[in-house]
Structure formats: structure tokens, C-alpha cells
Amino acid sequence: MSEIVGKVRGSRQLAVYSVARAEHLERLALRNENGNSQVLLYGSEYYDWDSAKQKELPAYRKGLAFAVFAIILGDPRSVEINEPANLPALPRAIALVSAIRTSNYLLAWSGSRSRTRIVCYALENVHPRSSALRKWNALTGGKLPPGPFAWLVLRLVRLVLSQIDRIAFGSPESMELYGAIATRRGLPRQHRLILELPNDCNCSADTPEKPQMIFVGQFSERKGLPILLETWEQIRLKAPGQFKYVLIGIGSLEKQATLWAEDRSDVSIYVDPARSVIHRELRRSKVLYLLSQSTDHWQEQIGLPISEGLAHDCFIVATSGTGLASWLRLNHQLVVPEDIAPADLADQVINKMTAEWVGEPLYSLPNMHSREAANEWLHAPHSNSTTNIFDGKVEASFEEKS
Ligand SMILES: [Zn+2]
């Protein structure tokens, strides 16, 4: 325990999340390898948690009181909190913001140490008012008017946003949403759009006999599994024997996916496989699909499978909801409406595969994952630090390969 307290107190960068997932551990490992002394405190673990990895890292499951004391008694220069529009994490964000502001005030008064900066990375694209309305209706069964609750939630989101010193947005949709939520004073002065893009993965794999198409993700309606299977069936009919099809995932439609794959010899399915299998199949694939379907209260933020497909040189077929839609269009990938007919989509993919697409990706990726570039900027001593930062303009960020 005292060792943990010592590490937390000695840390200059603190990340305090409500829920942590495996990806956060991978990022934390990378950051500490690169010389940052970052500590992660979190309230609960996502289902993909990696306990073995956690033991090697300064990542600790701690309650809110511990985090507050770590801020007051330690000397963090910056604390990253969950984004304000993440409603389940909002109470924690309010408590942390209050603790940091109080601590800064007392320290300024006593002159004993430099102030702590509040920083945040944002991807949310659904208005907190609609999330609050849905939550209230679910709690009360629609028997009580939701107006006052939604009003209060929106005020609290605004309050937290107004206290953030530096915020990076991972998508244009997210920046637009927070611009609409902010008070008349606008977004925090230090804000930046750093479009979330991966860097190339350095793994390798053998080349399959036929061009391979892949889906990686939840087997679910909202990730577009039914429309994907219909599209692939159309491609199999229109271009028989030309392609291989791979399904990787887990989820409520697992049975449907397994049954569909079962009697088709050109289809392979892997249910919740090891990461090494995912890398191998992504590397073998020419085309990655993510046909996300928005609902009243959900819209794809980025889509981790799209990011992973890009990192493995795949051609991307996605629906227009993803925060990468503009970038994908500008970089000659296929972005289609969510309600596209599977037969139309099949024709478009076959045309791309046979006419324009020549086997090399048509895009360039950053040298560093842009989430890491965002992290560097968020925690840098000065906001004008420009190391490894893209300028935020989708159009100007990357050169096209000719
Ligand atoms: Zn890889």
C-alpha cells in the first residue's frame, strides 16, 4: 500500500478514469516506456481486462477518496479526467474537478507548489440531453417528466467542461458537440482537434490464395452484422469463388454468424480469438467492413475495428456515422449510407476491387498513434508544444500516396 502511495505521490501525470479497459493498459505501458511517469487510477474494469499486464504497471483500482487525496497530497502537474458528456463518469468528474480547484486555490494562497492542470480527451458524439432523457425514462418507466433531470445533467456537464484547462477532440463530431454544449464563453481556450488515427502495425502474415474480406467486432445489430452477411451473400453470388470471407467477434448474434459460416466453405469464423489471430487475419485481409447502424441514443464514435483495419493496410468499407467518415472519403475509402441496399453495396465493392483498387493502401498514417500525440499535448508543460501534433485539419493532416 505504501509503495502505491509513494508512486502516486511521485507522479507528475495522473489519469483518473471511471472504467479502465485493456487498451488503457497498453497505452500506459507505452507512455512509461517513452519516459513519462504516468499513473492510472480507475474505479472498475471492463470485460477485456488483462490482470497480468496490470501487475507490471502503475495502474491501481482505487475509490474516489483515494484519487482525491492523491491529488491533494501529491504533486501532479496534470490530471486527466473522463470527458464530461460521459454521463456514468460525471459524478466522479465533478468530485475530481472540485478537489483540484480547491487544492489549487489553497496552494496558490500558501504559495507551496505549482497548480494542477485538468485535461481531457473527448470522443463523445451523442448530446448529453438525449442520454439523460433515455436514462430518466428507463429509471421511471416514463411516468415522470424528464425535463428537470435533463436540465440538471446538462448544467453539470457544462460546469465540468468550463473547468477543463486543456481538451483534445478525437473527431470533428465530438468537437462540434462540445461547442454546442459549452456556455457563452465557449470551449476551453486550449482545445485541439487531433483526429484519432492509428500508426502502422508492424506484424506480418502469409498472403491467402484469394483476396480476403474481414469483419472484426461485436456480432450485433448496431455493428451491422445482418447487413454485412446480406452484402457478402450478394458478393458471393455476383463474383462466385473470387474472395475469402472472415468473421471475428463475439456477441448476441453469434449463433446467426456461426450458422451462416457453417455451410459456406469460403467463410471462416473465429469467436473471441487471441489477439495474435486477429492481427494475422487483419494482415491477410484486403477489405475491412464496419457497417455500424446508429440508434436514437448511439452513434459510432470512431470504431476500433476501422482503426485496426487501417493499421493493417486494409481498404475500409464503413457507414457514414463514424467520426472518421470525412477522412475516409478524402482518402478514397468507401463510406456509404447506413440504409444502403446490400445489392448496391456489393456492386460498389466489386467495382472497387476490380477497377480502382490496385492492392496498395491509398492513405498514409501518422508515425505515432494520434491518441498518443494527444496525450503528449495534453500533458505537455505548455499548450503550444507541437511535437508530433497534427494540425487538426482533416484535409491537411496527411499526404495521399500517389
Ligand atoms: Zn498487426
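This is a predicted model: local features need pLDDT of at least 70, side-chain atom pairs count only at pLDDT 80 or more; totals for chains, interfaces and linings use all residues.
**Overall build**

The protein chain holds 15 helices and 13 strands. Its radius of gyration is 23 Å, close to the 21 Å that the globule rule gives for 402 residues, so the chain is as compact as a globular protein of that length. Along the principal axes, the C-alpha atoms fill a box of roughly 75 × 55 × 40 Å. Buried residues account for 38% of the 402 residues. Of the contacts with a separation of 6 or more, 73% join residues 24 or more positions apart.

The chain is divided into two domains. Domain 1 takes in 2-199 + 369-379, and domain 2 takes in 212-356. Their C-alpha centres lie 32 Å apart. Where they meet, 16 residues of domain 1 are in contact with 12 residues of domain 2. On the domain 1 side, helix H6 (128-140) and helix H8 (172-181) are the elements that give two or more residues.

Is S5 buried or exposed? 6 of its 6 residues are buried, so S5 is largely enclosed by the rest of the structure. Both faces share in this. Arg117, Val119 and Tyr121 point one way, Ile118, Cys120 and Ala122 point the other way, and all are buried.

The pairing can be followed residue by residue. Isoleucine 81 has cysteine 120 of S5 as its bridge partner. On the next step, tyrosine 121 is bridged to alanine 168 in S6. Isoleucine 167 in turn has histidine 191 of S7 as its partner.

| Strand | Partner strand | Sense | Bridges |
|---|---|---|---|
| S4 (residues 78-81) | S5 | parallel | 4 bridges |
| S5 | S6 (residues 166-169) | parallel | 4 bridges |
| S6 | S7 | parallel | 4 bridges |
| S8 (residues 212-218) | S9 (residues 244-250) | parallel | 7 bridges |

Helix H5 (residues 90-110) has 21 residues. Its first and last C-alpha atoms are 30 Å apart, close to the 30 Å expected at 1.5 Å a residue.

Which residues of H5 are buried? They include Leu90, Arg92, Ala93, Leu96, Val97, Ala99 and Ile100. An α-helix has 3.6 residues a turn, so residues three or four places apart point the same way. The cover over the buried residues of H5 includes strand S1 (13-20), strand S2 (38-45), S4 and S5. Helix H4 (64-73) and helix H7 (147-163) are also among the covering elements. Just after H5, glycine 111 takes a positive phi of about 65°.

**The six-stranded sheet**

A second open sheet has 6 strands in the order S10-S9-S8-S11-S12-S13, again with parallel pairing. Strand S10 (267-271) and strand S13 (334-336) are the edge strands, and each pairs on one side only. The twist averages 15° from one strand to the next. Within the pairing of S8 and S9, valine 216 stands opposite isoleucine 248 in S9.

Most residues other than glycine have a negative phi. Two residues here take a positive value.

Aspartate 313 has a phi near 60°. It lies in the loop between helix H12 (304-311) and strand S12 (315-319). Is aspartate 313 buried or partly exposed? It is partly exposed, with 18 other C-beta atoms within 10 Å.

Histidine 332 has a positive phi of about 65°. Its place is the loop between helix H13 (325-330) and S13. Histidine 332 also counts as partly exposed, with 16 C-beta neighbours inside 10 Å.

Key:
Residues are numbered from 1 along each chain as its sequence is written. A residue is buried if 20 or more other C-beta atoms lie within 10 Å of its own, exposed if 12 or fewer, and partly exposed in between; C-beta atoms are placed from the backbone. Two strands pair if DSSP finds at least two bridges between them. The radius of gyration is taken over C-alpha atoms; the globule rule is 2.2 Å times the number of residues to the power 0.38. Two residues are in contact if their C-beta atoms, placed from the backbone, lie within 7 Å. Axes are lines fitted to C-alpha atoms, for helices over the stretch in contact, and angles run from 0 to 180 degrees between N-to-C directions. The expected span of a helix is 1.5 Å times one less than its number of residues. Domain bounds come from an automatic or database domain assignment.
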